[in-house]
Amino acid sequence: MFLFDLTYEKPLSQVDSLLPRHIAYLERRYQSGHFLCSGRKVPRTGGVILCRASTPEEAQAILEEDPFYTEGVASYRATEFLPSKCAAGLAPFLENP
């Protein structure tokens with residue numbers, strides 16, 4: 001499991017111009033089963049994505065597909081963690097896709 005922590009490096013006007021492409025990217029990765037949760041930080045300085053991936057290399061490849069990454073509007077920090085406990089009902093989502 002990986003936590004992607006995005007920090008915007010460009011003005012929000014540039015971020016917003018890429019939002020439709022970013023949302024399409026998110027939707028593809030939700031459909032593939034890799035993304036479990038995502039959203040904006042408060043205040044709006046970036047975002048967070050919870051990603052299921054088997055290896056750091058797979059997580060990095062997924063991250064590098066994001067238009068925010070390819071267009072350089074955000075920096076990324078990927079943190080791998082091993083879930084050891086979760087709320088009832090979430091266990092099936094913690095397995096790799």
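## Exercises on aromatic pairs and a surface patch

Five aromatic pairs are present in the structure, which is a predicted model.

**Exercise 1.** Classify the geometry of the pair formed by Tyr8 and Phe68.

*Solution.* Start with the distance: the ring centres are 6.0 Å apart, and rings pair if their centres lie within 6.5 Å. Next take the angle: the planes stand at 85 degrees, and planes over 60 degrees apart count as edge-to-face. Tyr8 and Phe68 are therefore an edge-to-face pair.

**Exercise 2.** State which parts of the chain the pair of Tyr8 and Phe68 ties together.

*Solution.* Tyr8 belongs to strand S1, while Phe68 belongs to helix H3 (residues 67-70). The pair therefore ties together parts that are 60 residues apart in sequence.

**Exercise 3.** Decide whether Tyr8 and Phe68 are buried or exposed.

*Solution.* Buried means under 20% relative accessible area. Tyr8 has 15% and so counts as buried. Phe68 has 1%, so Phe68 is buried too.

**Exercise 4.** Describe the pair of Tyr69 and Tyr76, then the accessibility of each residue.

*Solution.* Tyr69 and Tyr76 form an edge-to-face pair, with 5.6 Å between centres and 70 degrees between planes. Tyr69, at 33% relative accessible area, is partly exposed. Tyr76, at 18%, is buried.

**Exercise 5.** Name the residues of the aromatic cluster.

*Solution.* Phe4, Tyr25, Tyr30 and Phe35 make up one cluster.

Terms used: Residues numbered from 1 in each chain as written. Predicted model: local features only at pLDDT ≥ 70, side-chain atom pairs only at ≥ 80, totals over all residues. Heavy atoms only, no water. Phe/Tyr/Trp six-rings, centres within 6.5 Å; stacked < 30°, edge-to-face > 60°. Helix = DSSP H or I, 4+ residues; strand = E, 2+ residues; numbered from the N terminus. Buried < 20%, exposed > 50% of the residue type's maximum accessible area, 1.4 Å probe, protein only.
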